[in-house]
Amino acid sequence: MVDKNIKISIVGVTGYSGLELLRLLYNHPNAEVISIHNTQQTHTDISEQFPHLKKMYNLTTMPFDSVYIMQHADIVFFATSSGVSKDLASEFIEAKFPVIDLSGDFRLPASLYKKWYKKEPASDQLLQQAHYSLADFYNNNATYIANPGCYATATLLALAPLAQHQVLDKDNIIIDAKSGLSGAGKSLTSTSHFVNVSDNFSMYKANQHQHIPEITQQLQKWQPDIEHIQFTTSLLPINRGIFISAYVKINDAVQANQIDKLYKKTYANTQFVRIMSQNQLPNIKQVIGTNFTDIGITYNPDTRYLTIVSVLDNMIKGAAGQAIQNMNHFFGLEESTGLHLLAQYA
Ligand SMILES: NC(=O)C1=CN([C@@H]2O[C@H](COP(=O)(O)OP(=O)(O)OC[C@H]3O[C@@H](n4cnc5c(N)ncnc54)[C@H](OP(=O)(O)O)[C@@H]3O)[C@@H](O)[C@H]2O)C=CC1
Ligand SMILES: CC(=O)N[C@@H](CCC(=O)OP(=O)(O)O)C(=O)O
């Protein structure tokens, strides 16, 4: 029997991405969830609240306790609502205890966090110790990993081959992003009410989405002249899935017929980014239930716009799956460990 040698705590286990962490980690050969935490003050059997976990997990929820976690676990995942880890994670950072944070609290510098999340940020000293880790370009073993946002992951993977070669026309980066409702988390709001979402389609947070600065700052690292992106988000009447359509122009340094090669070369050695055959575009279903991001490209010679379509499962690649991919890197495991998932499709 394989020794489940990595002990894991999850804070925010009763949210959608916390539950998805539990689901994926169940099949991880090297990891064992040893404690689960949320806002409840009482110890409750998790399978009482979530019957799908009966006979699968024997765990009770506990109030958050950083000392307990550091004594018993090797790493903690924060799958908490925004504004929680910036306050609860400081003791882990000071002790250099490994954290993977699925929330946006440590992805941005203080001023940008304040502006876009409209909350007080963590201190600069804490923020500086966090590392933003887009797992397919992982290059750091910092102990505090800020796991990228769902829309940001889909967009950055769609644009990385162009930005890394600095061939994007900086004034023509237009991203039309759409998400299923689970991206909004479990709290009910009037916009997430069934009647508002089912058989409907609507744009929200136009030009105000908190992933705009997250995407822009990473693009700038690859292509420093990029200042702004045009980015909008809409709600799809489905549970899971993200569909990004990016419309961009490329500068003269690269020919349109070389683009396909550029994408294939960039992702040749990655396991979780799949480039479609020429002129084929991906759909959401082909990635649901997996850690893949599928990308397709098509060029219009009349308008000179390149359309890039990128799809992923917001709960997996956009949250829990990418977090496990980052954990695997951190512990020196093969990055796909526990993530061999095939789409359900039908
Ligand atoms: N859903 C998605 O597709 C994605 C989500 N994210 C980010 O991941 C994080 C979690 O998202 P999601 O699962 O959707 O969120 P949910 O709203 O579904 O769940 C939030 C979880 O956080 C817990 N929580 C809230 N406050 C505290 C606290 N003070 N102490 C301990 N636990 C707390 C809640 O516990 P309780 O049940 O007791 O209220 C619950 O378990 C968010 O920051 C989100 O933005 C990132 C990428 C994709
Ligand atoms: C459909 C939907 O509402 N999605 C959420 C995604 C939130 C998220 O993942 O937030 P952070 O990455 O900032 O933590 C939204 O658009 O705000």
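Which residue in β4 is the bridge partner of H37? In this predicted model, that partner is M62. The model is subject to thresholds, in that local features need pLDDT of at least 70 and side-chain atom pairs count only at pLDDT 80 or more, whereas totals for chains, interfaces and linings use all residues. Residues are numbered from 1 along each chain as its sequence is written, and chains are lettered from A and ligands numbered from 1 in the order in which they are written. The mean pLDDT of the protein (the predictor's confidence in each residue, from 0 to 100) is 96, and 99% of the residues reach 70 or more. For the complex, the predictor gives an ipTM of 0.98 and a pTM of 0.97.

Strands of a sheet pair through backbone hydrogen bonds, either parallel or antiparallel.

Strand β5 in turn pairs in the parallel sense with strand β6 (residues 99–101) over three bridges, and V76 has V99 in β6 as its bridge partner. Three bridges likewise link β6 to strand β8 (residues 144–146) in the parallel sense, where I145 is the bridge partner of I100.

In a regular strand the side chains alternate between the two faces of the sheet. Strand β5 (residues 75–78) is covered on both faces, with I75 and F77 buried on one side and V76 and F78 buried on the other. A residue is termed buried if 20 or more other C-beta atoms lie within 10 Å of its own, exposed if 12 or fewer, and partly exposed in between, the C-beta atoms being placed from the backbone.

The UniProt record (unreviewed entry) places the feature "domain: Semialdehyde dehydrogenase NAD-binding" at residues 7–145. UniProt positions are given in the numbering used here, feature names are shortened, and annotations may be inferred rather than shown by experiment. The span 7–145 is 31% helix and 22% strand, and its end C-alpha atoms lie 17 Å apart.

Ligand 1 is surrounded by 31 residues, the closest being G12, G15, T39, S103 and G185; a residue is counted as near a molecule or strand if its C-beta atom, placed from the backbone, lies within 6 Å of it. The elements α1 (16–26), β2 and α12 (316–330) each supply at least two residues of this shell, and α1 gives the most, with three residues. By class, the shell around ligand 1 has 10 nonpolar, 20 polar and one charged residues. Ala, Val, Leu, Ile, Met, Phe, Trp, Tyr, Cys and Pro count as nonpolar, Asp, Glu, Lys and Arg as charged, and the others, Gly among them, as polar. Domain 1 (6–148 + 317–330) and domain 2 (151–314) each provide at least three residues of the ligand 1 shell, the domain bounds coming from an automatic or database domain assignment.

Ligand 2 lies between domain 1 and domain 2, because both give residues to its shell. Among the residues around ligand 2 are S82, S103, C150, Q210 and T233. This shell has three nonpolar, eight polar and no charged residues. C150 carries the annotation "active site" in the UniProt record (unreviewed entry). The residue C150 lies in helix α8 (residues 150–164) and counts as buried because it has 27 C-beta neighbours inside 10 Å.

Most residues other than glycine have a negative phi, and most peptide bonds are trans. K96, which is not a glycine, has a positive phi of about 55°. This residue, K96, lies in the loop between α5 (90–94) and β6 and is exposed, with 11 other C-beta atoms within 10 Å. D199 likewise has a positive phi, near 55°. D199 is located in the loop between α9 (194–197) and β10 (202–204) and is exposed, with 8 other C-beta atoms within 10 Å.

Conventions:
Helices (H or I, at least four residues) and strands (E, at least two) are DSSP runs, numbered from the N terminus. Two strands pair if DSSP finds at least two bridges between them.
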